[in-house]
Structure formats: C-alpha cells, structure tokens
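Please go through the model shown below together with this briefing, which looks at helix packing and at a few individual residues.

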Amino acid sequence: MFGTESSLSMFLNTLTPKFYVALTGTSSLISGLILIFEWWYFRKYGTSFIEQVSVSHLRPLLGGVDSSSPSNSNTSNGEADSSRQSVSECKVWRNPLNLFRGAEYNRYTWVTGREPLTYYDMNLSAQDHQTFFTCESDHLRPADAIMQKAWRERNPQARISAAHEALELEDCATAYILLAEEEATTIMEAERLFKQALKAGESCYRRSQQLQHHGTQYEAQHRRDTNVLVYIKRRLAMCSRKLGRTREAVKMMRDLMKEFPLLSMFNIHENLLESLLELQNYADVQAVLAKYDDISLPKSATICYTAALLKARAVSDKFSPEAASRRGLSTAEMNAVEAIHRAVEFNPHVPKYLLEMKSLILPPEHILKRGDSEAIAYAFFHLQHWKRVEGALNLLHCTWEGTFRMIPYPLEKGHLFYPYPICTETADRELLPTVFHEVSVYPKKELPFFILFTAGLCSFTAMLALLTHQFPELMGVFAKAFLSTLFAPLNFIMEKVESILPSSLWHQLTRI
C-alpha cells in the first residue's frame with residue numbers, strides 16, 4: 001500500500017505545467033465541440049442528443065421498463081384518449097383564407113426573391129387537389145384524365161401546360177381552377193377564369209346530380225363535382241372581397257353555406273366572419289359566432305379572437321388600467337378580459353402579431369391550429385379589424401400576459417382547453433419559411449441539462465488552461481494540493497483498515 005502511494009506521489013511530482021496546460025486545453029476543446037453539437041441538435045430537433053440517446057438506448061439496458069410490456073397495459077390504455085386527442089390537434093388544416101398562388105404568392109417572390117411557401121406546404125396542397133378534384137372514373141373523360149396527371153405534377157409550368165391541353169379538348173372546370181390559381185397574375189384575371197370554371201362546373205354538377213344514384217362510380221363523380229363547385233364559388237366570393245365588393249362577397253358566402261350546409265371542411269364561416277368585420281356588421285358577426293362557437297365543433301383562432309374582439313369593443317374605448325386598478329373591473333370588463341384569456345390560451349402566438357411585437361409574413365396555404373402558422377394567418381387578415389375598434393389593442397396589451405398565470409404548470413392540464421400539444425413546433429417549422437421567419441414556440445423550452453453542463457465544463461476547463469499557462473508553478477502547486485485533498489479520505493480509510501485487520505490477512509489481500 002505504501003509502495004502504491006509513493007509511486008503515485010512520484011508520478012505527480014514528475015508532471016510539468018505543460019502537461020496540465022495540455023490536459024485542460026484538450027478537455028476544453030472536447031467539451032466545446034460537444035457543446036456546439038448539442039446546441040445545433042437542440043435548435044434543429046428541439047431535444048438534447050445525449051438525453052435522447054440515454055432515454056432511447058441506455059435506459060432499457062439499465063433496467064428501464066418497456067412501454068409496450070403487458071405490465072403497462074393499463075397505464076397505456078388510460079392515456080390512449082389523451083394521446084389520440086393530441087394527435088388530432090396536430091392535424092394540419094387547409095387555410096380558409098389562403099392567398100392565390102399566381103396573383104399573390106408569386107408576386108411576392110418576384111419582388112423579394114423569397115419563396116413564401118415551403119415544399120411541405122405545397123405538397124399538402126397537391127394532395128388536397130387530388131382529393132377534391134379527382135375521382136376513379138376520370139379516365140372516362142379525356143380532359144379529366146389529363147388534369148388527374150396535372151395535379152400530381154410538381155413542376156408549375158408543366159401543370160399549367162397540362163391545363164391548357166385539357167381546355168383544348170373541352171371546357172374543364174378543374175383546368176380553369178388551376179389556371180386561376182397559378183397562372184393568373186392579378187385577382188381580376190383570376191376572377192375571370194373562375195367565372196368560366198363556374199359555368200363548366202355547374203354543367204357537370206347538374207349532369208352528375210341526375211346520375212348519382214345509378215352506381216358507386218356516378219356517386220363518386222357527383223361528390224367530386226360538388227367539391228369543385230363549392231371551391232369555385234368560395235374562391236369567387238374571395239375575389240369579390242379582395243376587389244372591394246364586400247357585400248357581394250357576403251351574399252355569395254351566405255348562399256353557399258345555405259346550399260351546401262354539410263360541407264364544413266372548407267370553413268366558409270371564417271371567410272364570412274372576416275367579411276362581416278370589414279363591413280363592421282358586428283350584430284351579424286355575433287350571430288355567426290353563436291352558431292359556430294360551440295363546444296362540439298373544433299375551435300380556431302378566428303372564432304376565439306373574434307369573440308374576444310366583440311366583447312372588448314363594448315368596453316375598450318373607455319378602458320384605463322389605472323382606473324381599473326383603483327375601482328376594480330366592471331362586469332363587462334371582466335367578460336372582455338376573460339374572453340381575451342380564453343383566446344390567448346387557445347393560441348398564445350397571436351397577441352405578438354396583433355400588437356406588432358413581431359413582424360408578419362404571408363400566411364401559408366395550410367395551418368396548424370394553436371400553432372404559429374394559424375397565428376400568422378389570423379393576424380394577417382384581422383389586424384386591421386382590431387385597429388379599427390378604438391382601444392381594443394390597448395386592452396389586449398394590458399391583459400393578454402395574465403393568461404399564463406392561470407394555466408397550470410407544467411402543462412399536463414389546460415385551464416379552459418385541453419393541454420397545449422407538444423407537436424406544434426415541428427409542424428410549424430415544416431409549414432413556415434424558417435429561412436427568414438423565426439418560428440414562435442410555446443411553451444418556451446428550457447435548455448437541456450447536458451447543454452448547460454457542457455457549457456460550464458467548457459468554460460471551467462478553458463479557464464484552468466489559461467491560468468495554468470499564465471501561472472504554471474502556482475497552478476502546479478494547486479493541482480497537487482487538490483489531488484492530495486481528493487485522495488485524503490481514501491488514505492484515511494485505508495489506514496483504518498490496516499489498523500483493524502491483522503497484518504497477515506492484509507498481506508495476503510495485497511498479494512491478491
């Protein structure tokens with residue numbers, strides 16, 4: 001034992017300050033590289049690489065319980081409903097107010113040189129078009145067969161060429177739709193093409209309506225022709241809204257909702273709400289909200305924030321935070337604040353865009369409810385309506401942050417809604433152009449322990465390397481003293497063991 005101590009002491013005495021500089025410098029370099037990799041991985045995937053590897057691979061080896069084991073079947077069954085709810089809430093929806101790709105998105109690209117739509121977003125639109133505008137019997141009509149291939153084509157020019165080829169054979173409603181969406185460079189030109197599409201679409205709809213009961217093939221054709229007709233009428237109403245004919249747009253939307261009340265997938269009521277707000281027809285807005293702000297229907301930022309705007313409108317012109325703090329909130333003010341808290345809990349990203357604390361970009365063609373993409377789409381069209389109501393933004397500014405004090409932490413439970421889904425950041429990064437837009441994240445993720453640990457380790461070892469280089473003799477004495485102190489408890493234990501055990505037994509153990 002004493003020979004081991006003497007050899008260790010001799011080894012420590014032979015170490016030069018250069019060794020300590022090299023050791024601490026190498027440690028600092030390695031920990032710095034780990035820190036850079038961990039930070040990059042966290043920024044890209046939102047989780048720590050070391051933590052993910054530990055949970056996924058090391059935990060089972062160390063005796064972790066497999067989540068798929070029978071012993072956990074009751075727990076997994078108990079959590080099934082909440083997991084299914086979370087998955088459904090991470091569903092991506094078609095933006096009811098999506099812009100025209102040729103007349104609006106492409107013009108933005110021509111001016112700025114930036115692409116406002118991501119590949120993932122455009123791919124979802126292509127899937128929507130194939131779902132709404134095609135059916136199994138398209139091969140029976142040559143123009144529809146061409147358009148079936150056109151909707152699958154990735155190259156925009158190839159799609160436009162295919163649409164022109166289909167129109168050479170016959171008046172094809174879906175061909176006019178494609179040209180109105182992608183080739184038209186102005187809203188007026190798009191409206192003209194949609195009117196031609198309406199004429200062709202109504203003819204196909206009447207024909208398939210008469211034959212829909214003759215078999216499953218005719219029923220599929222009628223369902224497709226119905227989708228085409230609804231889409232055309234909705235886009236024509238949006239053209240009227242964009243061209244300033246708002247009353248005409250409202251009439252078209254109301255007629256469309258009466259004619260096809262079951263087609264809620266297009267969310268036409270959100271287009272109607274925006275147009276009614278433009279007309280400042282708040283009574284009709286309230287009537288629409290009373291119909292669609294129902295517990296059985298999926299909520300949206302448009303529903304929640306429009307309800308908050310109407311209640312804020314009743315008190316915002318006279319609201320003063322100083323007066324409210326002295327006398328307390330009145331019943332109407334309390335209702336307005338509660339409506340704002342409800343809206344902010346549903347989508348906490350919206351207020352920063354409405355208060356212009358964060359810059360807006362063009363909304364995507366698809367949105368994720370409760371996500372940053374939905375917040376952008378809402379604020380892009382509704383910011384002007386909040387500005388028009390005197391004091392509404394001031395009331396929002398004074399009260400919206402109070403929402404977060406009411407939400408339980410951690411977020412396993414919601415206050416007024418189900419818990420905030422954890423998948424929104426990943427989906428929003430796919431939907432939004434992250435090249436020039438910083439995705440809003442809620443709740444803010446805390447830095448993983450391993451990033452903080454490697455940052456501290458890197459800083460500490462770098463400081464040791466610098467001190468050793470500047471004061472080699474002093475740091476050498478410090479290192480020897482530190483190691484001696486570190487091994488002092490071990491030496492004390494060994495001495496006690498030697499004093500207790502017989503010398504012959506200790507001699508045999510040391511030989512082993």
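Does histidine 382 count as buried or exposed? At 1% relative accessibility, histidine 382 counts as buried, where buried means under 20% relative accessible area and exposed over 50%, with partly exposed in between, computed with a 1.4 Å probe on protein chains only. The model is a predicted one, in which local features need pLDDT of at least 70 and side-chain atom pairs count only at pLDDT 80 or more, while totals for chains, interfaces and linings use all residues. Residues are numbered from 1 along each chain as its sequence is written, and side-chain values use heavy atoms, with hydrogens and water left out.

**The chain as a whole**

- The protein chain has 25 helices and two strands, these being DSSP runs numbered from the N terminus (helices: H or I, at least four residues; strands: E, at least two).
- Of the 512 residues in the protein chain, 44% count as buried.
- Among contacts in the protein chain with a separation of 6 or more, 70% are accounted for by residues 24 or more positions apart, a contact meaning heavy atoms within 4.5 Å.

**Histidine 382 and the pair α14 and α20**

- Histidine 382 lies in helix α20, and, not counting residues up to four places away in sequence, it touches Leu97, Glu274, Leu277, Thr302 and Thr306.
- The axes of helix α14 (residues 268-278) and helix α20 (residues 372-388) come within 10 Å and cross at roughly 35 degrees; axes here are lines fitted to C-alpha atoms, for helices over the stretch in contact, and angles run from 0 to 180 degrees between N-to-C directions.
- The crossing of α14 and α20 is left-handed, a term that applies if the near helix is turned anticlockwise from the far one by less than a right angle, with right-handed used if clockwise.
- From α14, Glu274, Leu277 and Glu278 take part, and they meet Phe381, His382, Gln384, His385 and Arg388 in α20.
- The residues of the contact of α14 with α20 divide into two nonpolar, three polar and three charged, on a scheme in which Ala, Val, Leu, Ile, Met, Phe, Trp, Tyr, Cys and Pro count as nonpolar, Asp, Glu, Lys and Arg as charged, and the others, Gly among them, as polar.

**Threonine 174 and the pair α8 and α10**

- The axes of helix α8 (residues 142-152) and helix α10 (residues 173-183) come within 9 Å and cross at roughly 35 degrees, and this crossing is left-handed.
- The contact is made by Asp144, Met147, Ala150 and Trp151 of α8 together with Thr174, Ala175, Ile177 and Leu178 of α10, and its residues divide into six nonpolar, one polar and one charged.
- Threonine 174, placed in helix α10, counts as buried at 5% relative accessibility.
- Not counting residues up to four places away in sequence, threonine 174 touches Phe133, Asp144, Met147, Trp151 and Val228.
- Threonine 174 and alanine 163 are 11 residues apart in sequence, and their C-alpha atoms are 8.1 Å apart in space.

- Helix α13 (residues 246-259) has 14 residues and reaches 20 Å from its first C-alpha to its last, close to the 20 Å expected at 1.5 Å a residue, the expected span being 1.5 Å times one less than the number of residues.
- The buried residues of α13 are Thr246, Ala249, Val250, Met253, Leu256 and Met257; they lie on the same side of α13 because they cover an arc of only 130 degrees around the axis, the arc being that of the directions from the helix axis to the C-beta atoms.
- On the other side of α13, Arg247, Lys251 and Lys258 are exposed, whereas the buried residues of α13 pack against α12 (216-242), α14 and α15 (282-292).
- In helix α21 (residues 392-399), the buried residues are Ala392, Leu393, Leu395, Leu396 and Thr399; they cover an arc of only 160 degrees around the axis, which puts them on the same side of α21.
- Packed against the buried residues of α21 are α16 (301-313), α18 (331-346), α19 (350-354) and α20.
- Helix α6 (residues 101-112) has Arg101, Gly102, Ala103, Glu104, Tyr105 and Thr109 buried, and it is followed by glycine 113, whose phi is positive, near 75 degrees.

**Histidine 437 in a loop**

- Histidine 437 lies in the loop between α22 (424-431) and α23 (449-470), and at 6% relative accessibility it counts as buried.
- Not counting residues up to four places away in sequence, histidine 437 touches Tyr353, Lys358, Ile361, Asp372, Ile376 and Leu432.
- Histidine 437 and serine 359 are 78 residues apart along the chain, with their C-alpha atoms separated by 8.7 Å.
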